[in-house]
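Please take a moment with the sequence and the model shown here before reading on. The paragraphs after it are meant to be read with both in view.

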Amino acid sequence: MDTEILIPNYDPSPKQVIFHESPTYETFFGGAAGPGKSAALAAEAVTQALRIPETHVYIFRLTLPEIMLSLHLELMKQMAPYNNYVDRKNKILYNGMTHAWKFPNGSFIQYAYCQYDADMYRYYSAEIHILIVDELTHFKQEWYQYFKARVRSPEKRLLRIMAASNPGNIGHGWVKKYFVDNGDQKIVKSPDLTDTKTGALIKGRTRQYIKAIIDDHPSEEFRKQYTQTLEEISNERLRKALRWGDWGTFEGQVFMEWDERIHVINKLPTWIDDQGNEVDILTTSLKFVGHDIGRRDPGVAIWIAVAPENDQGVVH
């Protein structure tokens with residue numbers, strides 16, 4: 001797969017390069033605010049439309065005004081070098097009535113929206129080759145799955161899904177579970193399936209989450225200015241989400257001080273037992289469990305392991 005970005009004056013950051021070079025079918029980019037998610041999505045849309053004739057690119061946001069205030073401006077900037085032609089036939093033209101960009105090679109970029117359940121059926125007959133979803137957490141999983149079902153072609157060609165978002169909103173939970181919990185930059189594969197009619201094997205597709213924060217933006221001046229803006233956010237939950245891309249912070253969270261970078265350890269405490277073996281806290285320790293059934297509020301259960309050597313505890 002050719003991953004060269006065909007946008008003059010677009011100098012991607014190392015994280016944007018990883019996003020552009022991802023070999024997966026579904027690629028999710030972002031986490032924090034300001035790493036250049038919109039620029040990366042726009043660059044993919046324009047590049048694929050330019051590279052492959054008659055490519056159908058669909059860009060989704062919750063509403064059309066949101067597209068016009070964000071990705072539309074970025075697309076205009078990125079396509080400007082290609083529109084310095086006297087001949088109208090060689091220009092990339094935008095149609096304000098249909099909200100679509102038309103390319104000389106037959107490709108198009110179509111703006112799309114889905115604010116309510118009924119909106120997804122607007123795309124029942126759509127043939128999408130490159131599906132781009134901006135602010136994925138604003139969408140229900142059902143909507144996203146319906147959009148995915150429109151990614152198809154009667155001929156062999158590149159089919160891809162690319163998305164970006166910050167933590168929070170109605171889709172926070174499913175996006176976190178489907179993409180983020182797999183780990184930063186780890187490629188995972190969905191289980192293989194069996195065709196219910198023919199019995200043929202259907203290989204599972206791949207997906208990847210690429211985390212980026214403001215520190216990853218390619219412009220030093222932008223990083224300096226916007227970092228100050230994010231650090232000045234007084235709401236701790238919002239600051240954690242937008243500054244650090246913290247997916248453990250969201251509305252309704254009980255433990256406001258929770259920070260995955262501090263409170264999660266990658267290696268369990270170990271010590272040497274009487275036989276000279278290295279043992280960890282979960283396999284040899286005293287364990288307790290506490291449970292609150294939650295008559296008025298959600299229930300909770302925690303497990304605590306206590307190391308006999310030093311009374312060190314681990315909640316798991």
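What follows goes from the whole chain to its sheet, then to pairs of helices, and ends with some single residues.

This is a predicted model, in which local features need pLDDT of at least 70 and side-chain atom pairs count only at pLDDT 80 or more, while totals for chains, interfaces and linings use all residues. Residues are numbered from 1 along each chain as its sequence is written, and side-chain values use heavy atoms, with hydrogens and water left out.

The secondary structure of the chain comes to ten helices and 16 strands, where helices (H or I, at least four residues) and strands (E, at least two) are DSSP runs numbered from the N terminus. Of the 316 residues in the chain, 42% are buried, a word that stands for under 20% relative accessible area, with exposed meaning over 50% and partly exposed the range in between (1.4 Å probe, protein chains only). Among contacts between residues at least 6 apart in sequence, 63% join residues at least 24 apart, contact being taken as heavy atoms within 4.5 Å.

Nine strands form an open sheet with mixed pairing, in the order 3-4-5-2-6-7-1-11-8, and two strands count as paired if DSSP finds at least two bridges between them. The edges are strand 3 (93-95) and strand 8, each of which pairs on one side only. Neighbouring strands of this sheet are turned by 20 degrees against each other on average, direction ignored. In general, the strands of a sheet pair through backbone hydrogen bonds, either parallel or antiparallel.

Strand 11 shows both senses of pairing. With strand 1 (residues 26-31), strand 11 pairs in the parallel sense over six bridges, and with strand 8 (residues 187-189) the pairing of strand 11 is antiparallel, over three bridges. Strand 11 (residues 206-212) is largely enclosed by the rest of the structure, because five of its seven residues are buried.

Helix 2 passes helix 4 in a right-handed crossing, and a crossing is right-handed if the near helix is turned clockwise from the far one by less than a right angle, and left-handed if anticlockwise. Residues of helix 2 including Leu-41 and Val-46 meet a set in helix 4 that includes Leu-75 and Met-79. The residues of this contact divide into nine nonpolar, two polar and one charged, where Ala, Val, Leu, Ile, Met, Phe, Trp, Tyr, Cys and Pro count as nonpolar, Asp, Glu, Lys and Arg as charged, and the others, Gly among them, as polar.

A second pair is helix 7 (residues 220-231) and helix 8 (residues 236-244), whose axes come within 9 Å and cross at roughly 160 degrees. That makes helix 7 roughly antiparallel to helix 8. Thr-227, Leu-230 and Glu-231 of helix 7 make the contact with Arg-239, Leu-242, Arg-243 and Trp-244 of helix 8, and by class this contact has three nonpolar, one polar and three charged residues.

Some single residues complete the tour. Gln-16, in helix 1 (residues 14-20), counts as buried at 1% relative accessibility. Leaving aside neighbours within four places in sequence, the contacts of Gln-16 include Phe-29, Ala-39 and Pro-218. Gln-115, in the loop between strand 5 and strand 6, is partly exposed at 34% relative accessibility.

Methods
Axes fitted to C-alpha atoms, helices over the stretch in contact; angles between N-to-C directions. Parallel < 35°, antiparallel > 145°, perpendicular 65-115°, else oblique.
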